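Q: I am new to this entry and would like to learn how to read it step by step. Could we look at it together?

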Amino acid sequence: MGSGLLIAFCVVVGLWVAVLVVLPDAPPAAAPPSVMPEATRPVVVTGTTQAVLAIPVAGVPREQLRDNWGDPRDNGQRAHHGTDIAAPANTPVLAAASGAVEKLWTSAAGGTTVYVRSPGRGWIYYYAHLSGYAPGLHEGQGVKTGDPLGFVGDTGNAGAGNYHLHFGLTRTTPEQHWYEGQDVDPYPYLAGKPASR
């Protein structure tokens with residue numbers, strides 16, 4: 001009986017370590033379940049090594065997410081690198097994970113954007129097409145999962161009236177800049193299930 005319990009304990013610890021290796025900066029829950037809405041709470045899917053980020057748009061259920069990674073953009077000239085989350089204009093955009101605001105930026109493609117670096121500097125969380133920033137948001141500011149970053153908009157190349165958040169996920173090394181790194185499909189990390197493609 002004692003050795004079986006020890007083996008079960010070792011298996012559980014081994015699975016937990018595997019989760020941490022796959023996404024070492026996986027976000028911890030930022031607030032008790034009674035405070036943070038279900039859709040925004042980060043979870044870890046049991047039985048897999050897939051860590052899941054909080055939904056970065058207020059009021060959007062996980063089930064509403066669609067996998068649009070790789071969809072053609074600009075008449076097939078490029079592939080889409082992110083997950084678009086449709087929502088009404090000015091819906092609050094929330095931090096999908098803890099970190100620090102590394103860059104507030106405006107560009108032709110992303111429009112009004114926020115780049116948040118994970119605490120271990122291994123990930124960049126990218127929020128684009130915002131209509132504006134949350135009051136007082138500034139570079140260097142620490143954020144926790146669920147903190148307000150801005151508001152859903154249609155800036156950049158989103159198209160007038162096409163209100164959505166473009167959420168991107170980039171794997172980086174600590175010394176890389178906010179605009180460097182390897183894009184990663186964020187859909188499995190947001191939806192808590194494998195990519196549909």
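Q: What pLDDT does the protein chain average?
A: The chain of this predicted model averages a pLDDT (the predictor's confidence in each residue, from 0 to 100) of 79, and 71% of the residues score at least 70. Over residues 11-50 the pLDDT is below 50, and beyond near neighbours in sequence this stretch has 63 contacts (heavy atoms within 4.5 Å) in the model. Residues are numbered from 1 along each chain as its sequence is written. In this predicted model local features need pLDDT of at least 70, side-chain atom pairs count only at pLDDT 80 or more, totals for chains, interfaces and linings use all residues, and side-chain values use heavy atoms, with hydrogens and water left out.

Q: Which residues touch the most other members of the largest nonpolar core?
A: A nonpolar core is a set of buried (under 20% relative accessible area, 1.4 Å probe, protein chains only) Ala, Val, Leu, Ile, Met, Phe, Trp, Tyr and Cys residues joined through side-chain atoms within 4.5 Å. Here the largest has 31 residues, of which Leu53, Leu65, Val114, Val116, Tyr125, Tyr127 and Phe167 touch the most other members. A second, separate core of 5 residues includes Ile124, Tyr126, Ala128 and Trp178.

Q: What does Phe167 touch?
A: Not counting residues up to four places away in sequence, the residues that Phe167 touches include Leu53, Tyr125, Tyr127 and Leu190.

Q: In which sense do β4 and β9 pair?
A: Strands (E, at least two residues) are DSSP runs numbered from the N terminus, and two of them pair if DSSP finds at least two bridges between them. Strand β4 (residues 92-94) and β9 pair in the antiparallel sense over 3 bridges, and Leu94 has Pro148 in β9 as its bridge partner.

Technical notes. Buried means under 20% relative accessible area, exposed over 50%, partly exposed in between (1.4 Å probe, protein chains only). Helices (H or I, at least four residues) and strands (E, at least two) are DSSP runs, numbered from the N terminus.
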